Amino acid sequence: QVQVVESGGGLVQAGGSLRLSCTASGRTFSTFAMGWFRQAPGKEREFVAAISPTGSTTPYADSVKGRFTISRDNAKRTVYLQMNILKPEDTAVYFCAASYRVLVPGPNDYWGQGTQVTVSS
């Protein structure tokens, strides 16, 4: 059984930084593509960033390009989302997902429970 667990959320002021972490177990981590998504109150879940199993491909949503960086450490079975220059509109529950089928995980892949990120103005 694959388990995905996020950590690192919290409250930060606008302009600040935060780093999220995510681990996936139950299968060789280096075979997973990993993705970050977010869902703000009253809105649909949206794609943030993804990373291929080797880290060579990293697509981003336009809204976070230049501010967020996704990376992974396969030896530590962990993927990171470094978030800089945070804005109030980045406030959301952030979800991590894992897929061994596609680059950007979908609803039928493996998902964590989410971690809250709140950016105050």
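Two strands count as paired here if DSSP finds at least two bridges between them, and the strands themselves are DSSP runs (E, at least two residues) numbered from the N terminus. With that in hand, look at the open sheet of 4 strands, which runs in the order β1-β3-β7-β6 with antiparallel pairing. Its edge strands are β1 (3-7) and β6, each of which pairs on one side only. On average, neighbouring strands of this sheet are turned by 15° against each other, direction ignored; the axes are lines fitted to C-alpha atoms, and angles between N-to-C directions run from 0 to 180 degrees.

Before going on, a word about the model. It is a predicted one, so local features need pLDDT of at least 70 and side-chain atom pairs count only at pLDDT 80 or more, while totals for chains, interfaces and linings use all residues. Residues are numbered from 1 along each chain as its sequence is written, and side-chain values use heavy atoms, with hydrogens and water left out.

Back in the sheet, β3 (residues 18-25) and β7 (residues 78-83) pair in the antiparallel sense over 6 bridges. If you want a spot to check, R19 has Q82 in β7 as its bridge partner.

Now go to strand β6 (residues 68-73), where R72 sits. R72 is buried (under 20% relative accessible area, with a 1.4 Å probe and protein chains only). What is the nearest side chain of opposite charge to R72, and how far away is it? It's D73, at 8.3 Å, and R72 has no salt bridge, meaning a side-chain nitrogen of Lys or Arg within 4 Å of a carboxyl oxygen of Asp or Glu. Backbone oxygens do come up, though: that of F29 lies 3.1 Å from a polar atom of the R72 side chain, and the side chain also reaches the backbone oxygen of P53 at 3.4 Å. Leaving aside neighbours within four places in sequence, R72 is in contact (heavy atoms within 4.5 Å) with residues including S30, M34, I51 and V79.

Not counting residues up to four places away in sequence, V104 touches F37, F47 and A50.

Most residues other than glycine have a negative phi. R77, in the loop between β6 and β7, has a positive phi near 55°. I85, in the loop between β7 and β8, has a positive phi of about 50°.

Terms used:
Buried means under 20% relative accessible area, exposed over 50%, partly exposed in between (1.4 Å probe, protein chains only). Lys and Arg count as positive and Asp and Glu as negative; His and the chain ends are not counted. A polar contact is a pair of N or O atoms within 3.5 Å; within protein, one must be able to donate a hydrogen and the other to accept it, and residues adjacent in sequence count only if both atoms are side-chain atoms.
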